[in-house]
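Colleague: I'm new to reading protein models, and I'd like to learn where the labels come from. Could you take me through one?

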Amino acid sequence: MDSVTLVKFVRLALEVISDRLLTILGLTMSFSLACWTMSAPTVERLGMSAFFACFAYLVVRTKEGIKNEIS
């Protein structure tokens with residue numbers, strides 16, 4: 001599978017998921033990962049939790065930006 005096909009597949013998957021559901025899912029997963037991190041905080045867990053929260057936020061912002069450009 002080349003990168004162009006992978007990008008098309010990811011874009012199709014993001015189009016299927018609604019904005020609100022994507023936001024709620026990202027917040028829920030970030031919260032549960034933060035709870036897991038706080039149960040036994042280590043540098044690796046804190047870094048992973050921060051990276052995931054930032055990545056989830058960027059995915060939601062990118063989807064909203066693409067939707068606003070189309071409108």
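Modeller: Gladly! The chain exposes about 5,900 Å², and carbon and sulfur atoms supply 72% of that area. Please keep in mind that this is a predicted model.

Colleague: What makes up the fold, read along the sequence?

Modeller: The pattern is α-α-α. The chain has 3 helices and 0 strands.

Colleague: Let's look at one residue, then. Why is serine 30 called buried?

Modeller: Buried means under 20% relative accessible area. Serine 30 has 17%, so serine 30 counts as buried. Serine 30 is found in helix 2, which covers residues 19–39.

Colleague: Which residues does serine 30 touch, not counting those up to four places away in sequence?

Modeller: Serine 30 touches Phe52, Ala53 and Ala56.

Colleague: And serine 49: why does that residue count as buried?

Modeller: The cut-off is again under 20%, and serine 49 has 13% relative accessibility, so serine 49 counts as buried. Serine 49 has its place in helix 3. Leaving aside neighbours within four places in sequence, serine 49 is in contact with Leu33, Ala34 and Thr37.

Colleague: How many aromatic pairs does a search of the whole structure find?

Modeller: The search finds 1 aromatic pair. The rings belong to phenylalanine 51 and phenylalanine 55, with their centres 6.2 Å apart and their planes at 15 degrees.

Colleague: Why is phenylalanine 51 called exposed, and why is phenylalanine 55 called partly exposed?

Modeller: Exposed means over 50%, and partly exposed lies between that and the buried limit of 20%. Phenylalanine 51 has 60%, so phenylalanine 51 is exposed. Phenylalanine 55 has 47%, so phenylalanine 55 is partly exposed.

Colleague: How do you know what to call lysine 8?

Modeller: Lysine 8 has 59% relative accessibility; the cut-off is over 50%, so lysine 8 counts as exposed. Lysine 8 lies in helix 1. From lysine 8 to leucine 46, 38 residues along the chain, the C-alpha atoms are separated by 32 Å.

Colleague: What makes alanine 40 partly exposed?

Modeller: Alanine 40 has 34%, between the 20% and 50% limits, so alanine 40 counts as partly exposed. Alanine 40 is found in the loop between helix 2 and helix 3. Its C-alpha is 25 Å from that of isoleucine 24, and the two are 16 residues apart in sequence.

Colleague: One last stop. Which residues form a nonpolar patch on the surface?

Modeller: Leu6, Phe9 and Val10 form the patch, with about 290 Å² of accessible area together. Patch residues need over 30% relative accessible area. Leucine 6 has 44%, so leucine 6 passes that limit and is partly exposed. Leucine 6 is found in helix 1, residues 3–16.

Note on methods
Residues numbered from 1 in each chain as written. Predicted model: local features only at pLDDT ≥ 70, side-chain atom pairs only at ≥ 80, totals over all residues. Heavy atoms only, no water. Patch = residues over 30% accessible without salt bridge, like charges linked within 9 Å, V, L, I, M, F, W, Y side chains within 5 Å. Areas by Shrake-Rupley, 256 points an atom, 1.4 Å probe, with all protein chains shown as cover. Salt bridge = Lys/Arg side-chain N within 4 Å of Asp/Glu carboxyl O. Helix = DSSP H or I, 4+ residues; strand = E, 2+ residues; numbered from the N terminus. Buried < 20%, exposed > 50% of the residue type's maximum accessible area, 1.4 Å probe, protein only. Contact = heavy atoms within 4.5 Å. Phe/Tyr/Trp six-rings, centres within 6.5 Å; stacked < 30°, edge-to-face > 60°.
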